[in-house]
Amino acid sequence: MMRLETQDILNITRKQIAGIFKMEPVELKFVNDFQGEQYLLTNDKLHLSNQHYWAKVMDCVFDSHVRPVLMCEVLYFLRNEFLESDIKLMFSYDFAEGADGAAAASAEICFNDSPELQPEEIAELIDFALTLQDKQWFEELTAKYKQLTVR
């Protein structure tokens with residue numbers, strides 16, 4: 001599992017937006033205009049997760065205009081960056097200091113990286129690891145091969 005914090009998520013979002021829209025964002029800023037979502041507030045804190053895919057979480061400022069960024073878009077950007085993964089995205093807003101609540105984002109990324117390979121396929125990868133002179137990968141593959149072939 002890998003954990004991303006606020007700055008990591010902002011960097012990936014900026015990169016993905018620039019690539020998709022062919023425009024470099026001037027700024028990404030968190031928004032806190034959750035008028036219809038007051039019921040989500042708990043002790044001056046608001047927590048959003050994957051199930052709040054509809055929530056506007058940021059504004060993307062370009063030279064000529066501002067566009068909203070939704071939770072589902074941030075999830076999409078992260079999935080583009082981390083293929084074959086399950087992502088749990090969280091945004092937290094702390095309104096204890098007033099209406100301009102401090103915002104933070106985090107993501108837990110779990111990779112589906114344990115494919116079921118046959119011994120022949122692992123043997124081919126062992127040869128490839130030898131060619132690359134990747135000792136760690138060679139040892140991992142050899143252990144897996146032995147595990148599958150010794151019975």
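Visitor: Does F82 count as buried or exposed?

Guide: Relative accessible area decides this: under 20% is buried, over 50% is exposed, and anything in between is partly exposed (1.4 Å probe, protein chains only). F82 has 15% relative accessibility and therefore counts as buried. F111, at 36%, counts as partly exposed. The model is predicted, so local features need pLDDT of at least 70 and side-chain atom pairs count only at pLDDT 80 or more, while totals for chains, interfaces and linings use all residues. Residues are numbered from 1 along each chain as its sequence is written, and side-chain values use heavy atoms, with hydrogens and water left out.

Visitor: How many aromatic pairs are there, and what makes the pair of F82 and F111 edge-to-face?

Guide: A pair of aromatic rings is described by the distance of the centres and the angle of the planes. Rings of Phe, Tyr and Trp (its six-membered ring) pair if their centres lie within 6.5 Å; planes under 30 degrees apart are stacked, over 60 edge-to-face, and the rest tilted. The count by this rule is four aromatic pairs. For F82 and F111 the ring centres are 6.1 Å apart and the planes stand at 70°, so this pair is edge-to-face. The pair links distant parts of the chain, 29 residues apart: F82 is in the loop between helix 2 (71-81) and strand 7 (85-94), and F111 is in strand 8 (residues 102-111). Helices (H or I, at least four residues) and strands (E, at least two) are DSSP runs, numbered from the N terminus.

Visitor: What is the strand order of the open sheet?

Guide: Strands of a sheet pair through backbone hydrogen bonds, either parallel or antiparallel. Here, two strands pair if DSSP finds at least two bridges between them. The open sheet has five strands in the order 1-8-7-4-3, with antiparallel pairing. Strand 1 (2-4) and strand 3 (41-42) are the edge strands, each pairing on one side only. Strand 7 and strand 8 are joined by 10 bridges, and K88 has E108 in strand 8 as its bridge partner. Four bridges join strand 4 to strand 7, where L48 is partnered by F91.

Visitor: Which residues touch the most other members of the largest nonpolar core?

Guide: A nonpolar core is a set of buried Ala, Val, Leu, Ile, Met, Phe, Trp, Tyr and Cys residues joined through side-chain atoms within 4.5 Å. The largest has 29 residues, of which L48, V74, L78, L89 and F91 touch the most other members. Helix 2 gives the largest share, five residues.
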